[in-house]
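Open the model in your viewer and keep the selection tool at hand. Each stop below tells you what to pick and what to look for.

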Amino acid sequence: HVAALHFLLGLVILTSLPVVVLWYYYLTHRRKERTLFFLSLGLFSLGYMYYVFLQEVVPRGHVGYSQVVALTCGLILMLAALSRAKKDPGYLPIQTSNEKPSRQGLPNRSIRGSSNGLHGVATLGAASSRAVNGEAKGYSRMSAEEPEGVKNDWCAKCQLVRPARAGHCRLCGRCVRRLDHHCVWINSCVGEQNHQAFILALSFFMLTSVYGITLTLHTVCRGRTPFVALFYCPGAYSDYSSALSFTCVWYCAIVTAGMGYILLIQLLNISYNVTEREARLALRDNTGRRLLGGLVIDTGQYNRGFLCNWGHFLSLGSSPPQRSAEDIV
């Protein structure tokens, strides 16, 4: 509302707001804290933008009933996908005090540390007499798509053997199957079980947001294309209602641009069958290739071609949960 009072106020506020949000993000990320701030900000923004659209844009008579219904359906679908993305991302079961495996029988071998746990040789000690070259054959939770020679990880924090591509989230304090990243906007990890819903929520958000921005600009700035009207709309501040609608459009445009970048990176990673965590580790260890101007890091480990990669992604979570190595023993 303050930004709608004058053009210069809008410029200052809409410029400083993303800076404040990013500062708070890095502050909480460095402290390794979970926060509901970003999820609350996102939900409040969605609700208020929708309210402004119904109160300030629709009454002008340039938006039809079917367009309002389409926008509302897009919003509902996005919230439904977001609700699904908030559920279990694929947490590995926590070992109870009676079920925690003993480390006494493990061979005395060096284990290389990493930012997400301890990578190295995982064996089952005296219970396993079939361990060859540091790999517990027959006891590891290896999925069918894992290449031969990929080793499982032992997580010292969760006290369990992680399957390949799983990782430990410092914010959630849990190991997640096929961990991609921890998303502050949903206050949860993105993993094997909710990655599809996460992509779906982003896609519905992009479509709904762009559609809402287009409808509002067609109403406030008549006779101009949405892109031109976004940067040049002489009558935007002629009255407070138009100014408020135009300010909300710019707020949505800034958020949509950020989410669009996230969606683009996600789609590229899926096309190369690489997760954000794997890309970050590949950059750290200098084992990946930068492609498309650095937008994607190809590790080459799981890349099986565009169609196979997308087929694998669409089948995530469809296979029944596999038994752990400790349960088999």
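Predicted model: local features only at pLDDT ≥ 70, side-chain atom pairs only at ≥ 80, totals over all residues.

Arg 165 sits in the loop between strand 4 (160-162) and strand 5, while Glu 278 belongs to helix 7 (residues 276-285), so the pair ties together parts that are 113 residues apart in sequence. Are these residues buried or exposed? Both Arg 165 and Glu 278 are buried.

How many salt bridges are there by this rule? The count is 4. Side chains of opposite charge can pair when their charged atoms come close.

Next, pick Asp 285 and Arg 284. Here the closest N and O atoms of the salt bridge are 3.0 Å apart. Asp 285 is partly exposed, at 37% relative accessibility. Arg 284 is also partly exposed, with a relative accessible area of 42%.

Now move to Asp 298 and Arg 289. Their side chains meet in a salt bridge, 2.8 Å from N to O. Asp 298 counts as buried because its relative accessibility is 5%, and the cut-off for buried is under 20%.

Select Lys 32, Lys 157, Arg 170 and Arg 280: together they form a positive patch. Zoom in on Arg 170. Where does Arg 170 lie? Look in the loop between strand 5 (167-169) and strand 6 (174-176). Arg 170 has a relative accessible area of 40%, so this residue is partly exposed.

A nonpolar patch comes next. Select Val 2, Leu 5, Leu 9 and Tyr 240, which make a surface patch of about 370 Å². Tyr 240 is part of helix 6 (residues 240-271). With a relative accessible area of 37%, Tyr 240 is partly exposed.

Finish with the annotated spans. Which residues does UniProt mark as "transmembrane region"? The unreviewed entry lists 6-27, 36-53, 65-82, 197-220 and 240-264. Color these five ranges if you like, then look at two of them.

- Select residues 6-27. The chain here is 95% helix and 0% strand, and the end C-alpha atoms are 31 Å apart.
- Select residues 197-220. This span is 100% helix and 0% strand, and its end C-alpha atoms lie 34 Å apart.

Technical notes
Residues numbered from 1 in each chain as written. Heavy atoms only, no water. UniProt positions renumbered as here; feature names shortened; annotations may be inferred. Helix = DSSP H or I, 4+ residues; strand = E, 2+ residues; numbered from the N terminus. Patch = residues over 30% accessible without salt bridge, like charges linked within 9 Å, V, L, I, M, F, W, Y side chains within 5 Å. Areas by Shrake-Rupley, 256 points an atom, 1.4 Å probe, with all protein chains shown as cover. Lys, Arg positive; Asp, Glu negative; His and termini not counted. Charge placed at Lys NZ, Arg CZ, Asp CG, Glu CD. Buried < 20%, exposed > 50% of the residue type's maximum accessible area, 1.4 Å probe, protein only.
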